[in-house]
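Please keep the sequence and the 3D view at hand while reading.

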Amino acid sequence: MHGVWRHRRRREQRGDVEFKDYYQTLGVKRDASGDEIKRAYRRLARKFHPDVSKEADAEKRFKEVGEAYAVLKDPEKRAAYDQLGANWKAGQEFRPPPGWDQGFEFHGGGFTGAEAARFSDFFESLFGRGGSFTPDFGGQADRTFHARGEDTFAKVLIDLEDSYQGAVRTLTLKHTESGADGRPHIRERNIKVRIPKGVHQGQHIRLPRHGGAGVGKGEPGDLYLEVEFRSHPLYRAHGRDVYLDLPVAPWEAMLGASVTVPTPAGPVTLKVPPGSSAGRKLRLKGRGIPGQVPGDLYAVLQIALPPADSEAARAAYRELEKAQPFDPRAALGVKP
Amino acid sequence: MTDDRWILLTGEVVEENVELTLAELCHACSVSAELVFALVEEGVIEPAGQVPSRWRFAGTSLRRVRLAVHLQHDLGVNVAGAALALDLLDELEALRARQTYLGDRSGEGDA
């Protein structure tokens, strides 16, 4: 790990970045037509779109695909990129040759990915930071808003417990802003924000006047924080409702029992009714995420089988077999 | 670089107790009013109030409009296509929710 870091640092000091093979990223040949490139991009964008895809690295892949498309769809950028030659391999250390882009005039034809504010170091070494940046305005927005700062969005990752108790989170925000020179650049800042009790996955916390700076005398925009739950080892949340897999012994399920159940607000006692089968949902009313109408907590029963790892346990299973004629496959229409 | 680290910011949860005007929704999503009209026409979002100047959108509209805009920009779909995708995503979410309460059985493979 240390070696990799040192290597990376050395590379950064020299101004080298990793070469990116944009044709490989889109899975097209170097002589692909504009239409082929567009088709490849669309297909991959649908596949990895972070709002649609559940693939683990969807967001990263989507950005890579978007970056590759931003270069290859633009005849000027593509020609300049092609000029680097076909001998470069993805991941190879790369430094743009001096004057490599001489004679090319870029018109900043933008990538439309609304969230892909930042491309790779490789992209920036070639086309500069913000070469990709297209302000997201629909173009016909009412003139009265022009002076107000942009509303900005960021994600805030919280634990389920935070929504039960409320919490305070410090986060570092990065966003692209138009500088005095009119060019977009990355601005970083820290904020400390209260996570309100009862907030849940996908909701937005609005912080008025903490978005992008206004133009001229215009007011700053608002900052919206989209709440995302960290995955929890015990609980799954959906809306305000929370689900927990609750293992019970066969005798607890069949004879009924009082069992202690963890909840994000602390353990509670739950009555398992006799004759419960696996998958049965037992509701703990109002023990979900708090709110005006609090959610419920559901314990989903799972029957845990005691191991037959001693003579006594084996004897007990045999006793049960004798005492209870039982065909678990009766519904399958075959003889035992 | 600004550092607001020591000021504790308190916001409001948009989906809970905020209604957005047409202007607020347009500004938050960086879209034109025309696009919002088109989304209302497709039934993607439903404002309360008779005339656009008095429209009030539920806080949940924010997420839907943003999603529609992302799909339009990134995948090149038109408004009707975005509306269809949103409906399908709703359905997908409902199915995933079902999977949530049934418990994730994906780990169970062949014998």
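Predicted model: local features only at pLDDT ≥ 70, side-chain atom pairs only at ≥ 80, totals over all residues.

In helix α3 of chain A, the buried residues are Ile37(A), Ala40(A), Tyr41(A), Leu44(A), Ala45(A) and Phe48(A). Seen down the axis of α3(A), these buried residues fall within an arc of 130°, so they line one face of the helix. An α-helix has 3.6 residues a turn, so residues three or four places apart point the same way. The cover over the buried residues of α3(A) includes α2 (22–26) and α4 (58–72) of chain A, together with α4 of chain B.

The secondary structure of chain A comes to 9 helices and 13 strands, and that of chain B to 5 helices and 4 strands. Along its sequence, chain B follows the pattern β-β-α-β-α-α-β-α-α. Of the 336 residues in chain A, 26% are buried; of the 111 residues in chain B, 32% are buried. Among contacts with a separation of 6 or more, residues 24 or more positions apart account for 58% in chain A and for 57% in chain B.

| Helix | Residues | Length | Span | Expected span |
|---|---|---|---|---|
| α3(A) | 34–48 | 15 residues | 21 Å | 21 Å |
| α9(A) | 311–323 | 13 residues | 18 Å | 18 Å |

How many of the 13 residues of α9(A) are buried? The number is 0, so α9(A) lies largely in the open. In α3(A), by contrast, residues such as Leu44(A) and Phe48(A) are buried.

**Nonpolar cores**

The largest nonpolar core has 36 residues, and those with the most contacts inside it are Leu25(B), Val36(B), Val65(B) and Ala68(B). Both chains supply this core: at least two residues each come from β5 (184–195), β6 (204–207) and β7 (223–229) of chain A, and from α2 (22–29), α3 (33–41), α4 (61–75) and α5 (79–102) of chain B. Leaving aside residues up to four places away in sequence, Val65(B) touches Leu25(B), Cys29(B), Val31(B), Val36(B), Leu39(B) and Ile45(B). A second, separate core of 21 residues includes Tyr23(A), Leu44(A), Phe48(A) and Val65(A). Two of these, Leu44(A) and Phe48(A), are also among the buried residues of α3(A).

Helix α2 of chain B also holds Cys26(B). Cys26(B) is buried, with 24 other C-beta atoms within 10 Å. Although Cys26(B) and Val65(B) are 39 residues apart in sequence, their C-alpha atoms are 9.1 Å apart in space.

**Strands of chain A**

An open sheet of 4 strands in chain A has the order β8-β9-β13-β12 and mixed pairing. The edges are taken by β8 (235–238) and β12 (281–284), each with a single partner strand, so one side of each is left without a neighbour in the sheet. On average, neighbouring strands of this sheet are turned by 30° against each other, direction ignored. Within the sheet, β9 (residues 241–248) and β13 (residues 297–303) run parallel and are joined by 7 bridges. Leu246(A) has Leu301(A) in β13(A) as its bridge partner.

Elsewhere in the chain's numbering, β10 (residues 257–261) and β11 (residues 268–272) of chain A run antiparallel and are joined by 5 bridges. Ala257(A) stands opposite Val272(A) in β11(A). The two strands β10(A) and β11(A) form a hairpin with 6 residues between them, and Gly266(A) in the turn has a positive phi of about 120°.

**Positive phi outside glycine**

Arg209(A) is not a glycine, yet has a positive phi of about 65°. Arg209(A) is placed in the loop between β6 and β7 of chain A. Is Arg209(A) buried or exposed? With 12 other C-beta atoms within 10 Å, Arg209(A) is exposed.

Ser30(B), also not a glycine, has a positive phi of about 50°. Its place is in the loop between α2 and α3 of chain B. Ser30(B) has 22 other C-beta atoms within 10 Å and is buried, whereas Arg209(A) is exposed.

Note on methods
Residues numbered from 1 in each chain as written. Chains lettered and ligands numbered in written order. Expected span 1.5 Å × (residues − 1). Buried ≥ 20, exposed ≤ 12 C-beta atoms within 10 Å, placed from the backbone. Pairing = 2+ DSSP bridges. Axes fitted to C-alpha atoms, helices over the stretch in contact; angles between N-to-C directions. Core = buried A, V, L, I, M, F, W, Y, C linked by C-beta atoms within 7 Å. Contact = placed C-beta atoms within 7 Å. Arc of directions from axis to C-beta.
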